[in-house]
Amino acid sequence: MHYRRPGLDRLSHALLAVCCLLFLLPVWLAFTASTHTLGALYSQTAPLWFGEAGWDNYRHLLSGSIGGLGTDVLTLLINSTIMALGIAIGKIAISVLAAYAIVFFDFPFRRLCFWLIFITLMLPVEVRILPTFEVVADLGLLDSYAGLILPLIASATATFLLRQFYLTIPPELVEAARIDGAGPWRFLRDILLPLSKTNLAALFVIMFLYGWNQYLWPLLITNDADYLTIVVSLKRLLTSADGLVPWQNVTATAVLAMLPPIAVILLMQRYFVKGLVDSEK
Amino acid sequence: MSAPFQRHRITPWILMAPQLGIVLVFFFWPALQAIEQAFYVEDAFGLSREFAGLVNFKAVLSDPTYYQAAGTTLIFSLAVAVGAMSIALLLAVMADRVIRGARVYRTLLVWPYAVAPAVAGVLWLFLFDPTLGLISGLLGNMGIEWDHKLNGAQALALVIMASIWKQMSYNFVFFLAALQSVPNSLLEAAAIDRAGPWRRFWTITFPLLSPTAFFLLVMNSVYAFFETFGTIDTVTSGGPGGATTTLVYKVYQDGFVGQDMGASAAQSVLLMALVGGLTWFQFRYVEKKVQY
């Protein structure tokens with residue numbers, strides 16, 4: 001039976017390999033450029049291989065205060081980490097509790113609460129930036145980690161996913177736990193949370209990437225360089241120069257901004273794919 | 001299922017409190033303020049304001065740059081959705097064919113999803129830098145002058161390419177998962193009936209993929225609408241001459257750069273209505289036409 005076609009398979013392999021390389025190209029070029037001096041960069045088109053200034057470039061960025069930023073890139077990395085972890089952990093924490101209440105409890109206005117939360121799925125922060133900015137300013141949260149994190153927790157993606165999962169828990173399990181005398185808190189801690197371990201890991205990856213890659217919100221509410229995140233800093237680096245764009249700094253910062261999220265996605269790929277594909281249902 | 005914990009009155013409220021509090025303060029309060037602000041006109045110093053009815057909406061809707069931004073948004077979203085989905089589908093079909101190595105290819109293609117839109121913008125900006133970019137240099141040798149700072153079409157193309165590069169991996173993960181769940185027995189039966197790979201794809205695989213494709217169409221539009229803000233801001237800042245200003249970018253530009261609160265709020269409200277309407281429409285009408 002001519003079901004499999006070796007020729008087509010070989011063609012597929014070849015095309016896939018070429019595409020993988022093409023997708024890598026922009027990152028490769030940024031990485032090689034970050035190891036050259038400014039003068040070496042501007043003497044030719046973008047170099048395909050490494051230069052000798054890599055160590056100096058990265059050490060300079062991580063330790064010294066950078067012109068146009070007013071801070072060093074290490075501070076930016078720390079800020080981004082705090083923001084991403086805060087958003088991931090905060091979102092998961094409030095979602096676990098809210099989804100638990102919605103699925104396992106009977107209380108007045110349950111449906112109303114459900115809708116109040118799920119309507120937030122429709123409007124991302126980009127649509128309501130100005131008023132959200134004013135609210136955060138009124139609360140005195142500009143230039144603070146709380147201001148960076150809290151408004152971005154206000155969405156229902158995680159609650160929605162966890163609710164879907166909780167609904168698949170057989171009622172017999174809850175019955176059995178209750179007969180054994182477990183109260184709601186005990187059931188949550190000893191049974192529900194261990195059961196949702198993979199779901200929580202998947203959510204963590206997705207929310208960490210979401211938090212790390214935020215742009216508009218941190219751009220708006222941070223004036224103080226001490227709270228700047230690394231993703232937002234790139235534009236300042238690009239525009240700060242009077243003449244030539246300092247590409248060796250820009251590409252090195254871009255590489256540093258990519259490394260943590262790429263490491264997370266590759267290390268936790270299994271959970272990530274599961275989390276993404278589950279969110280479809 | 002009926003809720004198992006019936007007799008607890010306070011516990012559910014303790015559980016709900018954090019999420020409800022954050023949603024009320026950081027979602028409903030600002031959303032209502034946006035709606036309110038859209039109906040007021042502020043003076044130049046922000047000291048006083050008066051009720052103006054629909055004046056802000058009329059001003060926005062009679063502004064030609066608003067329609068330019070709407071047109072840009074449409075072209076941009078379509079190009080990103082079609083580009084990112086077709087490349088992803090092609091690669092996923094090939095990765096699904098080769099069986100051995102599908103997971104390796106997934107690893108090699110999934111990582112751009114982790115790259116921030118703003119960082120993706122910077123990477124592509126470097127490729128197309130007029131003085132030292134690799135691709136702009138190649139284009140220059142072919143006689144094509146590349147300068148996205150002056151040429152609006154090139155600026156839009158650059159932002160579209162960077163967005164497709166990042167979004168492709170998301171679509172790839174979904175298409176690959178969907179392809180791997182297509183029952184082999186169906187494909188084998190078709191092969192026995194002498195249907196070639198091309199025919200098998202269009203008559204069996206493709207219809208089975210349509211729910212995934214529909215879902216991805218929605219997600220890609222949302223992505224192109226909102227999440228590409230970082231790419232646009234770092235690469236072009238909406239320019240040149242508004243050629244890359246999308247509706248979301250314009251809300252930011254008019255509100256924060258131009259300090260025109262009424263106009264920005266009116267645009268926010270229009271966007272909310274548009275997105276809400278689209279979501280409703282997609283789930284009410286389009287989803288029914290998709291084969292399951």
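## Confidence of the model

Chain B has an average pLDDT of 85, and 93% of its residues score at least 70; pLDDT is the predictor's confidence in each residue, on a scale from 0 to 100. This is a predicted model, in which local features need pLDDT of at least 70 and side-chain atom pairs count only at pLDDT 80 or more, while totals for chains, interfaces and linings use all residues. Residues are numbered from 1 along each chain as its sequence is written, and chains are lettered from A and ligands numbered from 1 in the order of writing.

Helices are DSSP runs of H or I with at least four residues, numbered from the N terminus. For the complex, the predictor gives an ipTM of 0.89 and a pTM of 0.88.

## Interface between the chains

In chain B, 82 residues are in contact with 82 residues of chain A; contact requires C-beta atoms, placed from the backbone, within 7 Å. Helix α1 (residues 11-37) of chain B supplies the largest share of this side, 19 residues. The side of chain B that touches chain A comprises 62 nonpolar, 17 polar and three charged residues. Here Ala, Val, Leu, Ile, Met, Phe, Trp, Tyr, Cys and Pro count as nonpolar, Asp, Glu, Lys and Arg as charged, and the others, Gly among them, as polar.

Leaving aside neighbours within four places in sequence, F126(B) is in contact with G133(B) and, in chain A, with L29(A), A30(A), A33(A), A46(A), W247(A) and T251(A).

At A17(B) the helix α1(B) bends by about 45°, and the proline P18(B) follows within four residues. The bend is the angle between axes fitted to the seven residues ending at a residue and the seven starting there.

## Residues with positive phi

R194(B) has a phi near 65°, positive although the residue is not glycine, and lies in the loop between α8 (184-192) and α9 of chain B. R194(B) is exposed because 9 other C-beta atoms lie within 10 Å, the limit being 12 or fewer, against 20 or more for buried and partly exposed in between.

S237(B), with phi near 55°, is in the loop between α10 (229-235) and α11 (247-257) of chain B. S237(B) is partly exposed, with 16 other C-beta atoms within 10 Å.

How values were computed. Two residues are in contact if their C-beta atoms, placed from the backbone, lie within 7 Å. Helices (H or I, at least four residues) and strands (E, at least two) are DSSP runs, numbered from the N terminus.
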